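Hi,

Here's the structure I promised to pass on.

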Amino acid sequence: MRKLFFLFAVMAIALPASALEVGDMAPEFSLQASDGKTYTLSDYKGKQAVVVAWYPKAFTKGCTIECKSLAENGHLIREYDVAYFMASTDEVEDNAKFAAEQKADFPLLSDPSGDVAVAYDVKMPVLNMAKRVTIYIGKDGKVLKIDRDIKPATSAQDMAATLGQLGVARKE
């Protein structure tokens, strides 16, 4: 019985206090990107919706397919008043090479410490890698949707459809 109690106590400490949920304020971030700039979430508050597509690792099969989808079909997403990013725990240099190879015309954010991935509840246990999860954030800074069912090949089309379903304004 003591061992069971100890196990539950350890699990309670190891688990996050509360997972990120729809309606929560999105955790602030300021991350370097593949284009040499630093992007800060609060810069978009009151101005534009934000989408962050977390992915596990640059240059891997699924991540390459997802990045290509966003690069080749980004015009569908840009019909909306939204800033969109891919994000991983890769070093900024790796993401810059990956973005160049995939001809990404949008920034890839780097979170090598994994701190932002933890705040967004997308970090894999033990590994310093993010799960494939797309987070939609409204102009007010609140989480609109957490999509855990990502299909890399149709990522751009799915993202654009979701923006429409969420009522994100189209560009004029």
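V52 stands opposite I135 in β6, a strand covering residues 133-137 that pairs with β3 in the antiparallel sense over five bridges. Two strands count as paired if DSSP finds at least two bridges between them. Before you go on: this is a predicted model, where local features need pLDDT of at least 70 and side-chain atom pairs count only at pLDDT 80 or more, while totals for chains, interfaces and linings use all residues. Residues are numbered from 1 along each chain as its sequence is written, and side-chain values use heavy atoms, with hydrogens and water left out.

β3 itself spans residues 49-54. (Strands are DSSP runs of E, at least two residues, and helices are runs of H or I, at least four, numbered from the N terminus.) β3 also runs parallel to β4, residues 82-88, with six bridges joining them; there, V51 has Y84 as its bridge partner.

Is β3 covered on one face or both? Both: A49, V51 and A53 are buried on one side, and V50, V52 and W54 on the other. Buried means under 20% relative accessible area, exposed over 50%, and partly exposed in between (1.4 Å probe, protein chains only). In a regular strand the side chains alternate between the two faces of the sheet.

Now for two loop residues. Most residues other than glycine have a negative phi. K103, in the loop between α4 (92-102) and β5 (108-110), has a positive phi of about 55°. V126, in the loop between α5 (115-119) and β6, has a positive phi of about 75°. K103 counts as exposed because its relative accessibility is 68%, and V126 does so at 87%.

Cheers
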